[in-house]
Amino acid sequence: MVTAEAAHNVVGIIGNIISFGLFLSPCPTFYRIIKNKSVEEFKEYPYLATVLNCMFWVIYGLPFVRPDSILVITINGVGLVIELIYLCIFFSYAPNKGRKKVVYWLCGEIAFVVAMSLVFLLVFHDHKRRILAFGIFCDMCNIIMYTSPLTIMKKVITTRSVEYMPFYLSLANFLNGCVWTAYALIKLDIFILISNSLGSISGAVQLILYSCYYRSTPRDEKVIEPKASQIQLSVSDGPDRV
């Protein structure tokens with residue numbers, strides 16, 4: 001018979017794998033940005049939100065806050081590095097206004113995380129209260145991360161196009177929320193449970209929205225222009241009699 005501890009670890013490992021897929025899901029978007037040398041209509045908010053989320057969860061999983069949470073640290077540490085790479089790419093191809101926004105938000109997030117961490121660690125001296133304090137902020141950040149792709153929802157509805165709402169990001173959000181909800185239920189962790197159950201709902205809403213407007217999304221069509229030699233050939237082949 002499988003013990004709760006073994007099931008908890010197995011689901012946690014699966015959650016790590018799916019979370020890794022979540023962090024890699026924007027790769028097609030950034031390939032397009034690099035290829036076109038422009039961020040176009042893509043927004044930086046999902047990646048800024050994920051950076052903030054990862055920073056808080058890494059601290060939450062440290063031994064002086066919540067012991068025995070190595071799986072939480074590993075995946076969020078990897079995710080933090082990946083998201084920072086995305087923001088570097090976004091910064092490289094964004095206009096000046098977009099670059100300033102990325103720098104200001106990122107500096108603000110780092111200052112906020114450092115300040116709140118120092119306050120919590122100095123004020124609360126036992127694991128129980130530290131878990132409560134950090135857990136509340138981690139939940140808030142997780143919810144912001146899961147709902148950040150919905151910032152483009154208005155544009156999707158008004159334009160009837162999902163071009164700038166990445167499908168893989170929405171799918172990964174949904175799967176990630178479901179698996180970490182199961183992880184939290186096996187060995188009850190109310191903070192992981194609340195944010196990830198809401199995240200699975202948010203991912204489902206994004207997928208429903210995607211299915212509704214996918215067919216109406218305009219496709220890029222290449223217009224094939226006749227070559228100059230073909231034009232000349234057609235002219236020379238034309239009738240020269242009156």
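Contact here means heavy atoms within 4.5 Å. With that in hand, look at Leu106: leaving aside its neighbours within four places in sequence, Leu106 is in contact with Leu48, Val51, Leu84 and Leu87. Leu106 is found in helix α5, and its C-alpha atom is separated by 6.9 Å from that of Leu48, 58 residues away along the chain.

Before going further, a word on what you're looking at. This is a predicted model, where local features need pLDDT of at least 70, side-chain atom pairs count only at pLDDT 80 or more, and totals for chains, interfaces and linings use all residues. Residues are numbered from 1 along each chain as its sequence is written, and side-chain values use heavy atoms, with hydrogens and water left out.

The protein chain averages 81, and 88% of the residues score at least 70. Helix α5 (residues 96-123) has the highest mean pLDDT among the elements, 92, while helix α10 (residues 228-236) has the lowest, 39. Over residues 221-242 pLDDT stays under 50, and the model has one contact beyond four places in sequence for that stretch.

Now the overall layout. Helices (H or I, at least four residues) and strands (E, at least two) are DSSP runs, numbered from the N terminus. The protein chain has ten helices and zero strands. Of its 242 residues, 43% count as buried; buried means under 20% relative accessible area, exposed over 50%, and partly exposed in between (1.4 Å probe, protein chains only). Take the contacts with a separation of 6 or more: residues 24 or more positions apart account for 79% of them.

The expected span of a helix is 1.5 Å times one less than its number of residues. The 28 residues of α5 should span 40 Å, and its end C-alpha atoms are 40 Å apart, which agrees. Which of its residues are buried? They are Gly98, Val102, Leu106, Glu109, Val113, Met116, Ser117 and Phe120. An α-helix has 3.6 residues a turn, so residues three or four places apart point the same way. The buried residues of α5 pack against α3 (45-60), α4 (70-93) and α6 (127-147).

Next, the aromatics. Rings of Phe, Tyr and Trp (its six-membered ring) pair if their centres lie within 6.5 Å; planes under 30 degrees apart count as stacked, over 60 as edge-to-face and the rest as tilted. The structure holds 14 such pairs. One of them is Phe30 with Tyr47, edge-to-face at 5.0 Å centre to centre and 70 degrees between the planes. Phe30 lies in helix α2 (residues 27-36) and Tyr47 in helix α3, so the pair ties together parts that are 17 residues apart in sequence. Both residues are buried.

Phe56 and Phe112 make another edge-to-face pair, 5.9 Å centre to centre with 75 degrees between the planes. Because Phe56 lies in helix α3 and Phe112 in helix α5, this pair ties together parts 56 residues apart in sequence. Phe56 is buried, with a relative accessible area of 0%, whereas Phe112 counts as partly exposed at 34% relative accessibility.

Asn76 lies in helix α4 and counts as buried at 8% relative accessibility. Leaving aside neighbours within four places in sequence, Asn76 is in contact with Asn53, Cys54, Trp57 and Val58.

Lys37 is found in the loop between α2 and α3; its phi is near 55 degrees, a positive value in a residue other than glycine. Lys37 counts as exposed, at 60% relative accessibility. Arg160, in the loop between α7 (153-159) and α8 (167-186), also has a positive phi near 55 degrees, but counts as partly exposed at 46% relative accessibility.

Methods
pLDDT = per-residue confidence, 0-100.
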